[in-house]
Amino acid sequence: MSAELLQEARRQIEICNACRYCEGYCSVFPAINRNRVFSDGDVTQLANLCHNCRGCYYACQYTPPHEFALNVPAVLARVRADSWADFVWPGPFARLFQRSGVAITGLLVLAIALVLGLAADPAPGADFYAVMPHGVMVALFLPAFGLPLVAVAVGLRRYWRHVGGGPVRAIDIARALHDAARLKDLSGGQGQGCNFEIGDRYSNTRRWLHHAVLYGFLLCFAATGVATLMHYLFALPAPYGPFSLPKLLGVPGGVLLTFGAAGLAWLKTRGERHLGAEALWGGEMAFVLLLFVVAASGLALYAATGTGWMPALLALHLGSVLAFFLLVPYSKMV
């Protein structure tokens with residue numbers, strides 16, 4: 001992270017600390033008001049508290065053309081994105097993904113899907129495991145799930161040291177989970193929502209779409225976890241019927257995730273780029289689109305079970321899921 005960027009972020013934060021007009025907007029401003037001097041770690045932590053709702057920008061009297069030229073959402077977005085690249089392992093790939101995210105994501109999904117498609121048995125009407133054996137799926141996805149977790153753990157450890165994190169209390173975790181479950185910092189502090197896509201007017205659209213992505217993802221993850229337990233603990237292998245627990249969790253989760261990701265991608269095209277990290281727009285958009293492909297291909301695969309489309313859709317779905325796991329440490333999701 002460049003010293004110039006940190007210094008500019010520190011300058012803007014210090015002006016905010018003196019003004020304090022926006023202290024009720026989100027978690028960033030009460031945190032700013034706790035300090036008078038801001039270390040590099042403080043600036044990084046504040047940047048990662050910011051959800052880029054942009055309410056503070058439209059409320060601020062010191063934005064351009066004022067000589068202070070404040071653009072807190074943009075400078076914190078740049079610091080936040082740099083922190084992902086600085087702390088994750090390996091860092092160079094994170095920077096590459098941020099610069100060329102759409103191309104990397106698309107090529108990775110297509111390459112994995114092509115390899116899986118060539119390796120699959122395209123027998124019409126067969127179930128998933130007849131097309132792609134369970135052992136092959138486990139051999140592919142176990143390292144693809146484990147290695148990114150190592151990368152995330154390395155990044156988290158580096159981040160915690162950088163921001164001066166200490167012991168975590170249970171009450172802190174409970175409060176954080178409570179705020180995250182409500183997406184509190186996308187509510188504008190008073191429940192009126194963000195200014196992300198319609199300028200100085202408030203809207204809860206972005207918050208609702210994030211809720212759809214969050215809970216859709218959690219439902220899909222729960223469906224996968226339940227199916228794993230059913231397979232290994234209760235000797236109940238897939239495929240499962242429409243009223244089985246994996247389907248009752250996974251189908252609504254897939255619908256929510258598809259709808260939420262599509263909506264967020266649409267909103268991203270409407271938001272003003274100069275209020276975010278402009279250079280990283282492609283990487284952020286790529287990850288939203290990847291979430292959409294994962295969910296939409298999963299629903300299409302379920303609908304195509306027993307048809308001639310199933311082998312190709314299985315390859316596409318597994319390719320997108322594998323790409324998702326591999327790219328998580330270098331994306332906004334971390």
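This is a predicted model: local features need pLDDT of at least 70, side-chain atom pairs count only at pLDDT 80 or more; totals for chains, interfaces and linings use all residues.
Local features here need pLDDT of at least 70 and side-chain atom pairs count only at pLDDT 80 or more, while totals for chains, interfaces and linings use all residues. Residues are numbered from 1 along each chain as its sequence is written, and side-chain values use heavy atoms, with hydrogens and water left out.

**The cores**

Let's begin with the largest nonpolar core, which has 44 residues. A nonpolar core is a set of buried Ala, Val, Leu, Ile, Met, Phe, Trp, Tyr and Cys residues joined through side-chain atoms within 4.5 Å; buried means under 20% relative accessible area with a 1.4 Å probe, protein chains only. L290, L291, L314, L318 and F324 have the most contacts inside this core. Helix α14 gives the most to it, with eleven residues. Helices are DSSP runs (H or I, at least four residues), numbered from the N terminus. Leaving aside neighbours within four places in sequence, F324 is in contact (heavy atoms within 4.5 Å) with F217, F287, L290, L291, V294 and M333. Apart from this core lies another, of 25 residues, including A9, C26, F38 and C50.

The structure holds three cavities of 30 Å³ or more. On a 1 Å grid over the protein atoms alone, a cavity is a set of points where a 1.4 Å probe fits but cannot get out, a pocket is an open set with protein on both sides within 12 Å along at least five of seven lines, and lining residues have an atom within 4 Å of a point. A volume is the space filled by probe spheres set on the points, which are joined across faces, edges and corners. Here are two of the cavities:

| Cavity | Volume | Closest to its centre |
|---|---|---|
| Largest cavity | about 120 Å³ | C16, C22, C56, C60 and L70 |
| Second largest cavity | about 100 Å³ | C26, C50, C53, R54 and C56 |

Helix α5 gives two or more residues to the lining of the largest cavity, as do α1 and α4. In the second largest cavity, α5 has the largest share of the lining, three residues. As for α5 itself, 13 of its 16 residues are buried, so it is largely enclosed by the rest of the structure.

**The second largest pocket**

About 1600 Å³ of space lies in this pocket. Of its 41 lining residues, C220, A223, T224, A227 and H317 are the closest to its centre. Helix α11 supplies the largest share of the lining, ten residues.

Conventions
Buried means under 20% relative accessible area, exposed over 50%, partly exposed in between (1.4 Å probe, protein chains only).
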